[in-house]
Amino acid sequence: MESGRRGGAAEGAGPAALRRTLTFRDLVVYGLLFIAPMAPVGIFGTLLAASHGAITLVYVVATAAMACTAYSYAQMVRVAPRAGSVYTYARVGLGEGAGFVAGWMAMLDYLLIPAVAYLFSGIALHALVPSVHQWVWTALAVVVTTLLNLWGVRTAAVVGFVVLALELAVLVVFVGAAGYVLVTEGARRGWSEPFTGAGAFSPVAVLAAVSIAVLSFLGFDAIASFAEESAGGPRRVARAVLACLAVAGVLFAVQTYLAALLAPVSAAGLAARPGEQGSAFYVTAEAAVGPWLGQLVAAGKAVGAAFAALAGQAAAGRLLFAMARDRRLPRAMAEVDARHGVPRRALLGAAGVTLVAAVWAARRDDGLEQLSSIVNVGALTAFGLLHASVIGWFRFRARERAGLPGVLRHVVVPVLGLAVVVAVLVAASPTAQAVGGCWLAVGLVWLAVQYGRRSRPGGAGTEEGGAAG
């Protein structure tokens, strides 16, 4: 399929077509890059303290909870195999208005999660080279990864695969070194403690920690954004979404189990000293094996963060592209670069917003805290609309015949996923809820303006390429 020609037919209609070049491996690589195989490293201490030591059980439960969301993605990507991910699915399953809201809220997540990742890289690189301010490193990371995304989805996928392999190599070194210490010196904690906790088991503490841990998985959904660039069609995308979540869940459980067994500070000790929670994983690696392992893990985390942002930026570009193609954003963002087959203007727009947010945060002492507090509300709201879309499409729009398998797939699983989303949103910080509410209000005003324009005589009428609804 030749892309870059205006008026070319993409699957799902639109003014431009994306190239179908991504393999199953490429899709999983993008998802794992966005999630980051070492995602628990940064919040290990927080979760260990919050769960009273049962951190591995937390990740097992979180993986099961997010499986509902992954399954809903797998259902809808087959119904609407187009760029735009949850925006497209909500538009098909619930109508144009709900689709816009889903895309608008997902945009908040897709634009700010890369900014947080870039900031992590800037902080780490500044620690290695203190003479260069962290905002400079942060901006450099944005520029480098943006150039890779503009070069083409295949190029970015190949580079991403190399970086992912390096991250996994660091993780293998950690697992091997930790395993050796456990065999030769034994564990500092009870072998079952990462599942049962220290002292009396607390289901409430575990569930509270799960509400934090599910945020480690944000990003696997980015795979669905590449539905128009998958060489194997929607079924391959659906399998990649589920595979990515399964691999991430195993990696998270293994690394947290080993680290929890070797942690020099107890869960109660970390709870009493919150300032030590952020560096708990690095301290554990250094205390158990040696300073070299702590530094290696830190370096792996720094590089991985930048390329997690690369995958996030690519997904954000596809979301802006899909919304612009449906005239929900400026039409110029719907153009595809003829040479590289990527939505160049949409990518540059996403990169611009991310650059401003990341550099702003890098120049503030509380920048990381401010960004981190709001990145999750958008994604979780979009996830909620995704689950509603499954029910809306299969039970009402497609008028699926009643039957136990259909009820389980298209009612029970989405309802369970929606319950998890609501629980996490309720537990979110007041700042995050306020920012998410303001962002939603702005989106609703913009939607009302668009509907007002369409209702005028001579208005745009029905959007080109619109979904049902």
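Buried means under 20% relative accessible area, exposed means over 50%, and partly exposed lies in between (1.4 Å probe, protein chains only). Keep that in mind for the exercises below.

This is a predicted model, in which local features need pLDDT of at least 70 and side-chain atom pairs count only at pLDDT 80 or more, while totals for chains, interfaces and linings use all residues. Residues are numbered from 1 along each chain as its sequence is written, and side-chain values use heavy atoms, with hydrogens and water left out.

**Exercise 1. The whole chain**

Find how many helices and strands the chain has, and what share of its residues is buried.

Solution. Helices (H or I, at least four residues) and strands (E, at least two) are DSSP runs, numbered from the N terminus. Counting them gives 18 helices and zero strands. Of the 469 residues in the chain, 54% are buried. For contacts, meaning heavy atoms within 4.5 Å, take those between residues at least 6 apart in sequence: 79% of these join residues at least 24 apart.

**Exercise 2. H2 against H9**

Work out how helix H2 and helix H9 are oriented to each other.

Solution. Two packed helices are described by the angle between their axes and the distance between the axes. Axes are lines fitted to C-alpha atoms, for helices over the stretch in contact, and angles run from 0 to 180 degrees between N-to-C directions. Helix H2 (residues 40-50) and helix H9 (residues 203-213) have axes 8 Å apart, at an angle of about 160°. H2 is therefore roughly antiparallel to H9; the classes are roughly parallel under 35 degrees, roughly antiparallel over 145, roughly perpendicular from 65 to 115, and oblique for the rest. On the H2 side, Thr 46, Leu 47 and Ala 50 make the contact, and on the H9 side Ala 205, Ala 209, Ile 212 and Ala 213. By class, six residues are nonpolar, one is polar and none is charged. Here Ala, Val, Leu, Ile, Met, Phe, Trp, Tyr, Cys and Pro count as nonpolar, Asp, Glu, Lys and Arg as charged, and the others, Gly among them, as polar.

**Exercise 3. A glutamine and a loop arginine**

Find which residues Gln 450 touches, beyond its neighbours within four places in sequence, and then look at Arg 327.

Solution. Gln 450 sits in helix H18 (residues 430-455) and is buried, at 8% relative accessible area. Its contacts beyond those neighbours are Phe 100, Arg 327 and Arg 328. Now turn to Arg 327, in the loop between helix H13 (291-325) and H14. Phi of Arg 327 is near 65°, a positive value in a residue other than glycine. With 40% relative accessibility, Arg 327 counts as partly exposed.
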